[in-house]
Amino acid sequence: MKVTFPHMGYLYVPLRAFFSQLGIEVVVPPPISQDTINLGTRYSPEFACLPLKINIGNFLQAAELGADTVVMAGGIGPCRFGYYAQVQKEILADLGIHLDMIVLEPPQGHWRQLFRGLKSLAANAGPVTVYRAGALAWAKLKVLDKLAKNQFVIRAREKVRGSTTQTWRIILDLVDQADSVQAVYIAAEQGQKLFDRIVLEPHRDVLKVGLVGEIYTLLEPAVNLEIERLLGEMGVEVVQSVYLSNWVMTNLVLHTFHLRNDGEHYQLAAPYLGSFVGGHGLETISTTIFYARSGLDGVIHLAPLTCMPEIVAKSILPQVSVDEDIPVLTFMLDEHSAEAGIQTRLEAFYELLKTRKQRGHKNNIKQIKNESTILGRKSIIESLSWH
Amino acid sequence: MVTLVRIGIPRALLYYHYFPLWETFWRNLGVEIEVSPPTNKQILDLGVEAAVPEACLPVKVYYGHILTLAQKVDYLFVPRLISSQKGTYICPKFMGLPDMLKHCGYNIPAIIAPTLNARHGKKAWERSHLQAAEELGFNRRLTQFAWQQAQRELASYHKELQAGRTPVDILYQRQPPKPTSRHTLLLLGHPYNIFDEFVSMNLINRLYHRGYQVVTPEMLPPKLVEKEAARLPKHLFWSLGRLLVGTANYYLQEKSIAGIVHVVSFGCGPDSLVGELLERRAKKLAHVPFLLLTLDEHTGEGGLITRLEAFLDMIEWRHVS
Ligand code: SF4
Ligand code: SF4
């Protein structure tokens, strides 16, 4: 068995570790490139969401390298993600590509379901081996999330543009190569030392911008056109709302044992959104409010073009932006999105945030609100973003 | 007694499945109901202007209906339709709809939004209606009575649907013309697309006009739909999707139809996957001609008609040769 899986940010690092520890051969798909995107787009339904299409690209490229089995997650709706695997299976079969698909369905309160999925993968591995593999993967995920967070602080203040990104790539490799939990922690320490060596301009006046939205576009740089890097290099400290380890914790572990607690999100979002809407729609609203109240300078909202939960969120965000007095910029991305277009809009947004900050900001949004009565918010947001 | 209130019900989205319930409920309470006019260019333009550009056409149309009603009523009726059947959802956009409208930036009356969520049991749907009515000042006895009447009305509506009439035939009290062709076509799609004559560019009447008998998903008994939908390799968690897949599966085996016309909204989330599965299956399984029509606010009538006519001609020739 040669296992592959879809890419999403640095998820490949813990996954590679996990499967290797189980004694399964792993084919990591080539990093997502324009080729991957083109391949996936060519064979996927036109209106499918972007992640589905890029997954197909990953699978096709991995199959070329000899992969024969795909492992991916499932879901129970209302979002499309839960039906990806079934559609992808048909697409691949019709192309004559034979890939077995092992779908790990999220346990709906039954830890057994998850283990059954895992079991078909590692029939011969005893519980100790599975535990060890899990522990190694988890350690990698944890340290990478932590280092990624530091990366955002450093990049916004680096003296030599690009030095943080270069170091981050080295760190990814270090952690990727570590083959025991202890080695992971050593790699993490080394990584931190490399970060410490980057020359900073500690007094640079940085802006703080939060990223919210759909998880795949938030975490996959090839899809969000490296927005974290672009922002960092403009002198913006990025605040990510989703980290893989949190996501795994809430969705797999806590959910399984009925401990999941979304109360805070529901409470914050309640004045604007009275229901869960699938994906991260509710979190997009609640986190934007949270960021506004934490004093961030702005929020960037990322989602695939036809993403349903985020279309709901996008419809509501302008009101949140006005009420909470925080500029919000949405990017709905598809296979045609280009870095150039994003860069220009980011620069305009940056200028807006800087001016607001220099002015000691606040009240200008409210003023606009009073001037425009009926055609309210759309124009507010536009004027906020562009002038 | 409460003062007379006027409630606006948009003629859009699941109006086509639930209107008799809502109408009977509010009428029995003595509430005046204003239903928005059938979709027209002006309504569409209003909706396109007000909704986010990424929204699908039916949601934009819904915005248009709401804004059309906004000046004329005291309250807007925008139920939160989460799930009509255990283990399914309708669509994320339906789940957020009352909130999207509340915060759409236009001055609109207060929204009444009872919740349909099968996860909370059948009673919850009733409770949220009764509660909404009580908040308007109606007493419990009266609301309960109104609800019973409404339920009865809905049941008889569904019975009529399953007897082979379309929602528009029933709601607008019409009779489809007598078919002159021996062929039957399956018109697949969400009710708010295929029964909205403006949105679908009069599609169903065009089929009638060519002499076809037309069947739609609402005409199959739900049990049968469920049985057919259960054939999918994995439980499909969209209720409208189950209706489409179940219906298509049924007719593909029955072999009683000459072709399938599937109408989808541009950018529809569930249909991007369900439609794909359907089309692949139709191609493989039964060699039933399959036409996919995609609708958005830019769809030109000319192009749509040309494709439809070509498809119908093709069906005729198949049976001649
Ligand atoms: S969250 Fe958005 S991108 Fe992800 S499956 Fe759902 S609709 Fe698609
Ligand atoms: S089911 Fe499709 S067409 Fe209907 S509201 Fe949802 S996305 Fe739009």
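Is B:Met201 buried or exposed? In this predicted model, B:Met201 has a relative accessibility of 13% and therefore counts as buried, where buried stands for under 20% relative accessible area, exposed for over 50% and partly exposed for values in between (1.4 Å probe, protein chains only).

Residues are numbered from 1 along each chain as its sequence is written, and chains are lettered from A and ligands numbered from 1 in the order in which they are written. Because the model is predicted, local features need pLDDT of at least 70 and side-chain atom pairs count only at pLDDT 80 or more, while totals for chains, interfaces and linings use all residues; side-chain values use heavy atoms, with hydrogens and water left out.

**Backbone features**

B:Met201 is found in the loop between helix H8 (191-194) and helix H9 (203-209) of chain B, helices (H or I, at least four residues) and strands (E, at least two) being DSSP runs numbered from the N terminus. Although B:Met201 is not a glycine, its phi is positive, at about 55 degrees. B:Gln173, likewise not a glycine, has a positive phi of about 50 degrees and is placed in the loop between helix H7 (167-171) and strand E7 (184-189) of chain B; with 72% relative accessibility, B:Gln173 counts as exposed. In chain A, the peptide bond from A:Gly77 to A:Pro78 is cis, with omega near 5 degrees, and A:Pro78 is found in the loop between strand E3 (69-73) and helix H4 (84-94).

**Strands of chain A**

An open sheet in chain A is formed by 4 strands in the order E2-E1-E3-E4, with parallel pairing, where two strands pair if DSSP finds at least two bridges between them. Its edge strands, each pairing on one side only, are E2 (25-26) and E4 (100-104). Strand E1 (residues 2-4) and E2(A) pair in the parallel sense over 2 bridges, and A:Glu25 in E2(A) is the bridge partner of A:Lys2.

Elsewhere in chain A, strand E7 (residues 298-304) runs parallel to E8(A) and is joined to it by 6 bridges, with A:Ile300 standing opposite A:Leu329 of E8(A). Strand E8 (residues 328-333) of chain A has 6 of its 6 residues buried, so it is largely enclosed by the rest of the structure. Both of its faces are covered, by buried A:Val328, A:Thr330 and A:Met332 on one side and buried A:Leu329, A:Phe331 and A:Leu333 on the other.

**Cavities and a pocket**

The structure holds 4 cavities of 30 Å³ or more. On a 1 Å grid over the protein atoms alone, a cavity is a set of points where a 1.4 Å probe fits but cannot get out, a pocket is an open set with protein on both sides within 12 Å along at least five of seven lines, and lining residues have an atom within 4 Å of a point. Grid points are joined across faces, edges and corners, and a volume is the space filled by probe spheres set on the points.

| Space | Volume | Lining residues |
|---|---|---|
| Largest cavity | about 130 Å³ | 17 residues |
| Second largest cavity | about 80 Å³ | 13 residues |
| Second largest pocket | about 1000 Å³ | 30 residues |

The residues closest to the centre of the largest cavity are B:Cys91, B:Phe94, B:His190, B:Tyr192 and B:Cys268. Domain 1 (6-162) and domain 2 (177-318) of chain B both give residues to the lining of the largest cavity, so this cavity lies between them; domain bounds come from an automatic or database domain assignment. By class, its lining has 12 nonpolar, 4 polar and 1 charged residues, where Ala, Val, Leu, Ile, Met, Phe, Trp, Tyr, Cys and Pro count as nonpolar, Asp, Glu, Lys and Arg as charged, and the others, Gly among them, as polar.

**The shell around ligand 1**

Among the residues surrounding ligand 1 are A:Cys49, A:Arg80, A:Glu214 and A:Cys307, a residue being near a molecule or strand if one of its heavy atoms lies within 4 Å of it. The shell draws at least three residues from each of domain 1 (2-124) and domain 3 (205-372) of chain A, and by class has 9 nonpolar, no polar and 2 charged residues.
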